[in-house]
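Please read them alongside the coordinates.

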Amino acid sequence: MAEKAKDKTYRLHLMVCAGTGCVSNHSYEIKEALEKEIKKHGLENEVTVVPTGCNGFCERGPILVVQPGNIFYQQLAVKDVPHLVEEHFLKGRLVSKFMYTPPEEKKPVPVLNDIPFFKKQVLIALRNRGLIDPEKIDESIARDGYKALVKALTEMTPDKIITEITLSGLRGRGGAGFPTGLKWQLVRNAASSNGGGKYIVCNGDEGDPGAFMDRSILEADPHAVIEGMVIGAKAIGATAGFVYVRNEYPLAVQRLSIALDQARDYGLLGSDILGTGFDFDIQIKRGAGAFVCGEETALMASIEGRLGEPRPRPPYPAQSGLWGKPTCINNVETWANVPMIINRGAKWYAGIGTETSKGTKVFSLVGKINNTGLVEVPMGISLREIIYDIGGGIPGGKAFKAVQTGGPSGGCIPREKIDLPIDYESLTEAGSMMGSGGMVIMDQDTCMVDIARYFLSFTHEESCGKCTPCREGTKAMLDILTRITAGKGTEEDIGLLQDLALSIKDSALCGLGKTAPNPVLTTLRYFRDEYEAHIRTKKCPAHVCRQLNIYTINPETCVKVGRGCDVCRRNCASDAITGQKNEAHVIDRAKCIKCGVCFDVCNFGAVKVD
Amino acid sequence: MPKLKIEDLEKIREQVKRTTALREGSGFRAKVNVHMGTCGIAAGARTIMNAFIKELETRDVHDVLLTNSGCAGLCSQEPMVTIEIAGQAPVKYVNLTEKKAQEIFEKHVLGGTIVKEYALGIGSEKTDY
């Protein structure tokens with residue numbers, strides 16, 4: 001059957017997004033409906049439906065891209081399918097009602113490349129986005145999959161591979177940005193004790209809230225990661241590799257397993273790869289979802305079957321990693337970049353990006369942004385371009401306040417720095433970090449103290465408890481932040497937070513603890529006034545910290561506009577509102593529990609919050 | 001499955017590329033556009049479409065884009081196709097049959113010679129591809 005499919009010519013390929021976002025929006029049902037409808041019209045020999053990895057424009061899912069022509073259909077439902085099939089695929093008329101219309105325009109944009117979200121993106125790690133079925137190795141091969149592997153195995157020495165990676169300027173995409181070529185060189189040079197052997201590890205333990213780059217790459221193009229790992233293995237002299245991926249990513253685990261089996265069947269993994277005499281195989285290790293296991297020493301402990309706790313470095317994994325052998329750990333996205341560098345050369349790769357940060361970076365764009373999704377952009381692009389040109393700005397015309405990069409380890413970058421070019425150095429200088437690529441956009445309605453508290457509650461929860469600064473320090477910081485958001489903060493709290501943050505940064509055992517204070521430090525640096533408002537005037541400027549809010553009803557608006565509609569009184573959980581229809585309603589502040597329901601249900605803007 | 005050699009990998013690549021290349025939307029030398037309005041379908045446009053698919057498949061042609069569009073406005077002369085060779089003016093053919101379609105494919109699309117006896121005219125609307 002596979003043979004037959006290879007030869008079959010179809011005039012239309014319907015690329016249905018089958019990334020996790022679209023799948024949970026029923027894209028598989030749409031695929032089935034399409035197939036049924038196509039059959040009904042007798043088009044099954046003309047039109048084929050192909051499930052692909054994440055298209056990136058998750059906000060608009062489920063997504064269908066029609067090839068040739070690159071026609072972009074969005075937010076499809078099963079009920080739309082019969083019309084679409086008859087109009088477009090049978091009669092050749094594009095259906096504009098399923099197309100995307102950018103917020104400020106009136107006309108829909110039919111072609112994917114003309115949509116602003118896609119225009120500024122440069123695809124390297126996501127090169128096969130929307131173009132292949134990730135469960136078919138042949139489609140990956142047709143897009144030059146495993147071409148770099150052939151080159152690396154037949155034309156390049158390990159030193160030559162490492163030189164190429166070094167010259168490309170590729171740095172770790174997991175967040176810290178360690179030069180990949182240098183890491184490989186260190187592992188290659190490391191002497192392996194007791195019987196030899198070195199390991200390759202792919203870190204897919206993506207845990208930052210709002211981040212889904214690694215998951216999407218594993219789901220959309222698992223062969224890119226496998227190929228990168230085999231090339232890395234050849235370069236450092238490893239014979240076994242592991243992909244550590246969390247079990248909460250069932251689709252990623254499934255597609256990766258399929259890909260590994262197919263690669264093994266083809267002899268692209270295992271012994272004597274492609275008849276070149278090189279042996280290497282990869283296993284999947286599923287993590288149980290502990291955030292700390294993204295830290296390399298904890299990750300290795302977890303692979304070995306021990307408790308996922310970090311240990312002090314040195315020794316670094318390059319010297320003593322898995323089972324004491326030299327081990328090369330790189331992130332999913334880093335591995336996915338490798339084949340492209342080998343194929344097209346270091347010079348090409350180094351031509352993209354900035355002086356110190358080369359290539360592209362994949363970001364997951366979430367939060368208060370119009371175009372939620374997955375984007376790949378050249379390093380050096382400004383935050384403004386990502387947020388406004390690609391992201392389509394802030395919903396409801398609200399003001400942009402800050403962007404949080406790097407997850408719980410990162411920091412909040414304020415509006416004043418919106419023209420900051422994205423690279424490792426400038427983000428670090430701004431007090432944040434590249435991180436694995438989560439980008440959470442916040443608008444005027446976000447309270448920065450509350451955000452810091454949220455991230456601290458996350459790191460406190462995820463702290464493994466091994467070292468005191470992280471275990472106790474994050475708890476102490478969280479307590480202070482909770483106190484401030486409840487209106488019980490004191491003047492000393494800011495100084496105390498700062499001291500705690502700096503000492504945890506210096507003394508924690510691993511990256512989790514060392515970076516946990518970053519959200520506090522950056523919000524203190526850029527939004528100190530918000531902390532002060534909470535402490536001095538007991539007010540939350542964004543009205544997020546409800547305990548600090550005071551709700552009142554404007555009697556005039558209530559009667560004249562709302563005619564005393566009585567909705568607030570009926571919804572009040574604590575019977576704090578009195579009044580009758582056509583009369584002004586009043587909140588009894590002694591009874592009010594500040595839940596904010598009256599504010600939310602009032603259709604006339606009569607309820608005020610202060 | 002027997003393990004692949006490097007040549008086998010190349011073979012798969014070339015073979016699959018031929019059927020998936022149209023997803024990347026470039027490298028087409030010619031475009032065959034079958035008009036598939038209700039009038040076209042009623043007059044037998046589906047047969048014409050299938051005839052072209054068969055030609056592409058049996059002759060192993062992969063640089064020709066086969067597509068469809070709505071009614072061309074000359075319903076009485078359906079089924080119709082528009083053939084566009086890159087860099088040349090499009091040609092409309094009318095009153096087609098499966099046999100005529102095969103002939104047009106061989107002579108015009110592959111051979112570059114317009115089959116004048118079936119052609120309506122040369123020129124008219126041009127499309128981008």
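1. Domains of chain A. The assignment divides chain A into domain 1 (2-112), domain 2 (137-349), domain 3 (360-443), domain 4 (448-537) and domain 5 (549-609), the bounds coming from an automatic or database domain assignment. This is a predicted model, in which local features need pLDDT of at least 70 and side-chain atom pairs count only at pLDDT 80 or more, while totals for chains, interfaces and linings use all residues. Residues are numbered from 1 along each chain as its sequence is written, chains are lettered from A and ligands numbered from 1 in the order in which they are written, and side-chain values use heavy atoms, with hydrogens and water left out.

2. Domain 2 against domain 4. The centres of domain 2 of chain A and domain 4 of chain A, taken over C-alpha atoms, are separated by 35 Å. Their contact (heavy atoms within 4.5 Å) takes 11 residues from domain 2 of chain A and 10 residues from domain 4 of chain A. Between them the two domains bury about 910 Å², 75% of it on carbon and sulfur atoms, where buried area is the accessible area (1.4 Å probe) that two parts lose on being put together, summed over both. On the side of domain 2 of chain A, Pro209(A), Phe291(A) and Pro310(A) supply 51% of the area buried against domain 4 of chain A, more than any other three residues.

3. Polar terms at that interface. Between domain 2 of chain A and domain 4 of chain A the count is zero salt bridges, a salt bridge being a side-chain nitrogen of Lys or Arg within 4 Å of a carboxyl oxygen of Asp or Glu. The rule does find two residue pairs in polar contact across this interface, both at pLDDT 80 or more; a polar contact is a pair of N or O atoms within 3.5 Å, where within protein one must be able to donate a hydrogen and the other to accept it, and residues adjacent in sequence count only if both atoms are side-chain atoms.

4. Chain B against chain A. Here 32 residues of chain B are in contact with 43 residues of chain A, and the two chains bury about 3,400 Å² between them, 57% of it on carbon and sulfur atoms. In chain B, the residues that lose the most area to chain A are Ile6(B), Arg13(B) and Arg23(B), together 21% of what that side buries.

5. Charged and polar pairs between the chains. The count between chain B and chain A is four salt bridges, one of them joining Glu139(A) to Arg23(B), with the closest N and O atoms 2.9 Å apart. There are also 18 residue pairs in polar contact between chain B and chain A, both residues at pLDDT 80 or more. The elements that give two or more residues to the side of chain B that touches chain A are α1 (6-20), α2 (38-43), α3 (45-58) and β2 (64-69) of chain B, with helices (H or I, at least four residues) and strands (E, at least two) taken as DSSP runs numbered from the N terminus. Among these elements, α1(B) gives the most to that side, with nine residues.

6. A second inter-chain pair. The side chains of Glu24(B) and Arg143(A) meet in a salt bridge at 2.9 Å, N to O, and the pair crosses between chains, from the loop between α1 and β1 (30-35) of chain B to the loop between α6 (137-142) and α7 (147-154) of chain A. Glu24(B) counts as partly exposed at 41% relative accessibility, as does Arg143(A) at 23%; by the definition used, buried means under 20% relative accessible area, exposed over 50%, and partly exposed in between (1.4 Å probe, protein chains only).

7. Asp423(A) lies in the loop between β12 (411-414) and α17 (424-429) of chain A, and its side chain reaches the backbone nitrogen of Glu425(A) at 3.2 Å.
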